[in-house]
Amino acid sequence: YPAWDCLPYDRVSPSPAVSSKRMASLAAIQRRGEGAFIIVAPITAAVQKTPPKEIIENAALSLAPGAVMEIDALTQYLSANGYARSSTVREPGEFAVRGGLVDIFPPGAEEPVRLDFFGDSLESVRAFDAETQRTTRQLSGFSLAAASEILLSEETISRFRKGYVATFGPAGDDPLYEAVSAGRTHAGAEHWLPLFYERMDTLFDFVGDALVFMDHLAEEAAEERLVAISDHYDARAEDA
């Protein structure tokens with residue numbers, strides 16, 4: 001379970017690969033069921049806030065041949081859950097639509113999947129190589145999780161707008177505010193996560209009463225991380 005690969009309060013977003021792996025990990029924890037389950041995470045990831053548990057749970061979707069779903073409904077789901085539309089799927093969190101074929105690279109998956117629809121009926125699911133775009137195997141089904149920690153819906157957009165104005169005053173021509181208001185993602189928007197959700201959780205909220213083992217330097221590393229976050233915040237506040 002990785003931490004973001006960008007600085008706190010940065011103007012760039014974490015990479016799509018990191019974001020999708022984080023969301024895939026949280027989704028896997030929620031559907032773990034019974035039995036042993038081991039999570040390995042750096043302390044920087046453990047102390048980092050996440051979207052609420054129910055947001056991750058509600059984003060889960062499983063499909064198998066024989067399922068009935070309109071392609072438009074599927075693309076709406078993908079867009080709302082942080083997937084980026086592209087002409088050719090090569091990276092986690094991307095999807096492409098070509099007639100009755102929908103290519104998706106699910107977070108946490110080793111390969112993307114190709115869905116073959118006949119009308120609204122899903123006829124087949126195949127894994128394929130992202131480089132060659134050739135089918136590698138047939139699948140009996142697959143699961144999707146959110147690809148981004150910012151899930152744009154009417155509710156989250158409205159909460160962001162209200163929180164932004166309450167915290168900073170009128171938005172003016174802020175491109176971040178304009179993009180989110182229009183339902184679009186914007187570089188660095190993940191650093192504004194608390195404005196999108198009623199509350200924030202952490203990895204520990206997902207694992208519940210599980211046993212936690214920490215490296216002997218974990219507390220020192222966590223303190224250093226929190227100090228760095230505070231320093232970056234102060235630096236951005238001075239630039240504002």
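Me: Is R22 buried or exposed, and what is its relative accessible area?

Reply: R22 counts as buried, a class that means under 20% relative accessible area, with exposed over 50% and partly exposed in between (1.4 Å probe, protein chains only). The model is predicted, and local features need pLDDT of at least 70, side-chain atom pairs count only at pLDDT 80 or more, and totals for chains, interfaces and linings use all residues. Side-chain values use heavy atoms, with hydrogens and water left out, and residues are numbered from 1 along each chain as its sequence is written. For R22 the relative accessible area is 0%.

Me: Which residue forms a salt bridge with R22?

Reply: A salt bridge here is a side-chain nitrogen of Lys or Arg within 4 Å of a carboxyl oxygen of Asp or Glu, and the closest N and O atoms of this pair are 2.8 Å apart. R22 lies in helix α1 and its partner in the loop between β8 (142-144) and α5, so the pair ties together parts that are 127 residues apart in sequence; helices (H or I, at least four residues) and strands (E, at least two) are DSSP runs, numbered from the N terminus. The partner is also buried, at 1% relative accessibility, and is E149.

Me: How many residues apart are R159 and E155, which meet in a salt bridge?

Reply: Their side chains meet at 3.4 Å, N to O, with R159 partly exposed at 26% relative accessibility and E155 exposed at 53%. Both lie in helix α5, where about one turn of the helix corresponds to their separation in residues, which is four.

Me: What distance separates the C-alpha atoms of L101 and M200?

Reply: L101 belongs to strand β4 (residues 101-104) and is partly exposed, with a relative accessible area of 24%. Leaving aside neighbours within four places in sequence, L101 is in contact (heavy atoms within 4.5 Å) with A96, R114, L115, D116 and R126. M200 lies 99 residues away along the chain, and the C-alpha separation is 36 Å.

Me: Which residue of β7 is the bridge partner of F128?

Reply: Strands β6 (residues 121-128) and β7 (residues 135-139) run antiparallel and are joined by four bridges, where two strands pair if DSSP finds at least two bridges between them. They form a hairpin with six residues between them, and Q133 in the turn has a positive phi of about 65°. The β7 partner of F128 is T135.
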